[in-house]
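I opened this notebook to record what I looked up in one structure. The entries cover a helix, the nonpolar cores and the salt bridges.

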Amino acid sequence: MKISLLALATLATGAHAFAPSVGRAVVPTTTVISTSTKLNAIDDSTGWDSFRRVDPAKQMPYGEASRKYRRTVYSHDDWKKHRSPDRFFFYVGAIFKSGVYRNLLREVAATVAVASFIVVWNAYVGGYTDFEGIPHEAIINSQFLPKLTLPLTPFTLASPSLGLLLVFRTNTSYGRWDEARKNWGSNINRTRDLNRMANAYYDMNGVSAEQREDDLKTLALCTWAFVRSMKRHLSPEEEDEADFQEELRQKLPEQQAEMIIAAAHRPNRALQDLSNAIEDLPMHFLRKGQIHQDLTQFEDNLGSSERLLTSPVPVFYSRHLARFLAVWLLLLPFGLYQPMSYTWNSIGLIPTTAVISVFLFGIEELGTQLEEPFTILPMQAFCDKIYNWCMEISTWSPGDYGRPMKPVKPQHAFFAPVDIEEEIDAVLYAAPTPVAVTPPAPVAPPAPVAAAAVSSPYEPAAPVAAKPAANGARGFGNYLDQLGP
C-alpha cells in the first residue's frame, strides 16, 4: 500500500516533467521535425502542449532525439494552461507520448518479466485457480522446488535509503540545470546592459551620425557573436556546427566570421572582438571600464557553464544509485507476491510491478536527463532574442523620444575625452612665463653708538650691564642658584 501511494504521489507531483515539453519556436507545424528555435519560426503551438500537435502518424522520438522537445519557453498562455484544473487529465492522457517513459522500456520490461515468471512458477509448483474459480493442485509437486517469495520487511527497511538517494540525485541535477539557466539569464541581462550603456555614453563630439550607427551596430554584432559562440561551445557538434557557421557568415564581416570559426576556443575569440569594439568607442576611459565589467561577467558565466559540461555528478554516486534501484525493483516482485494473493493467481503482481518500476525508474531518469542541462535549454532562442534586442538598442539615439537632450554643464564636462599626448606636450614644451623680479630696498647704515653717559657729580655712574648669557646657560645658572650651596 505504501508503495502504491508513492507511485501516485510521483504521478501527481512530477507528471509534467515526464511529458516532453517544447518551446513555441521549436516544434514546426509540418510533419518534418525541426530543431529551430528562432523567434521568426513561432507557430500556434506553445511550450505547454506543443507535443500534442506532433503528427500522430509520426512517433515521438525518445532518448537523445527527444531532448530538443524539452527546450521550453513559456508564455502567458502556457502558464494559464499550466495552472488549469484539467492538467491532471491531460498529463495522464499523454503518458504514452512521453519520451521519458519510452526511454525506460527495457528496464520496466525486465521487472515485468521477473514478476510474470514468479506468477507462472508459483502456479506450477504451488497450485493455481482456473477461469471458473476451481483450484487445482500443483503441476510440479516437489519439496526441492518451493514457491518464490520474500518477506516485504527488507523492502520496507530499505525504502527510506533509496528515497534519500533519489532525492539527492534529482536535487543535485536540478541545481545544475538551475545554475545553467541562471548563467544564460545573466548573459541576457548583461548584453542588454552593455549595449544600453554604450548607446548612452557614446560621445557625439566630432562624430557623424553614420559613424555612430556603424560603431553601435558593430558592438551589437560582436555581443551576439559571443553568446552564439558560447551556445555552439556547449552544444553537440553534429547538431549545431553547420548552423553556427552559416549564421556567422550571414551576420558578421567575412574576416571576423572566419577568425571566430578557425579559433580553438571560439567564445574567447568572440569576447576579444567585443573588447576591441568597446575600446574603439569614443567615450571616457572610466565609462569603458564600467562596460568592461559586463565582459568579466560573460567570462564567469562561460567558465561556470564549462564546469557543468565537463564535470558530472560523481559517477560512483550515480552508479550506486542505479544498482540499488535496479536490484530493489527486480527483487520487489518476490516481496509483493503474498500481498497480491487476493487477486486471481496473484496476477495483480504484474501491473503493480510495472507501475512502480515506471515511476521509480522515471525519477532516476529525470535526474540523469537534468544532469547535463545545455541540450534541454532553449539556447538558440536566447541567442536570437539577444540579437534582436541588441540590434534594436543600436538604432536608438539621444532625444529620439521627443524630448531633446540638455547640453552638458561645464561641471559635468570632465567626462569629455582628452588627448593625453597633447596634454603632456603642452606641459613639457610650453614656453616659460617671464617672472618680474623686484630689486631689494636699500639698507640704512647702523646709527652711531651713543657716548657714555655723563656721571652725576653726586651719584656714581651705574655699572654697565654685562651681556646676558645664552638662554640655556642662563636657565642652567638659575637652576643652580635655586639649588643653593
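My entries follow, beginning with the conventions.

**Conventions.** I worked on a predicted model, in which local features need pLDDT of at least 70 and side-chain atom pairs count only at pLDDT 80 or more, while totals for chains, interfaces and linings use all residues. Residues are numbered from 1 along each chain as its sequence is written, and side-chain values use heavy atoms, with hydrogens and water left out.

**Helix α6.** I took helices as DSSP runs (H or I, at least four residues), numbered from the N terminus. Helix α6 covers residues 153-201, 49 residues in all, and reaches 72 Å from its first C-alpha to its last. That is close to the 72 Å expected, the expected span being 1.5 Å times one less than the number of residues. I noted a kink of about 35° at Ser159, shortly before Pro160; the bend is the angle between axes fitted to the seven residues ending there and the seven starting there.

**Nonpolar cores.** I searched for sets of buried Ala, Val, Leu, Ile, Met, Phe, Trp, Tyr and Cys residues joined through side-chain atoms within 4.5 Å. Buried means under 20% relative accessible area, exposed over 50%, and partly exposed in between (1.4 Å probe, protein chains only). The largest core has 46 residues, and Trp184 and Leu274 have the most contacts inside it. Helices supplying at least two residues each include α6, α7 (209-233) and α11 (285-310). The largest share, ten residues, comes from α7. Leaving aside neighbours within four places in sequence, I found Leu274 in contact (heavy atoms within 4.5 Å) with Leu194, Leu219, Cys222, Thr223, Leu295 and Phe298. Another core lies apart from this one and has 23 residues, among them Val119 and Phe334.

**Salt bridges.** My criterion was a side-chain nitrogen of Lys or Arg within 4 Å of a carboxyl oxygen of Asp or Glu. The whole structure gave 14 of them. Asp294 pairs with Arg190, the closest N and O atoms being 2.8 Å apart. This pair links helix α11 to helix α6, across 104 residues. Asp294 is buried at 1% relative accessible area, whereas Arg190 is partly exposed at 30%.

Which residue forms a salt bridge with Glu241? I found Arg266, with the closest N and O atoms 2.9 Å apart. Glu241 lies in helix α8 and Arg266 in helix α10, so the pair ties together parts 25 residues apart in sequence. Both Glu241 and Arg266 are buried.

Within α6, Asp193 and Arg196 lie three residues apart, about one turn of the helix, and their side chains meet at 2.5 Å, N to O. I also recorded a network of salt bridges linking Arg228, Lys231, Asp240 and Glu247.
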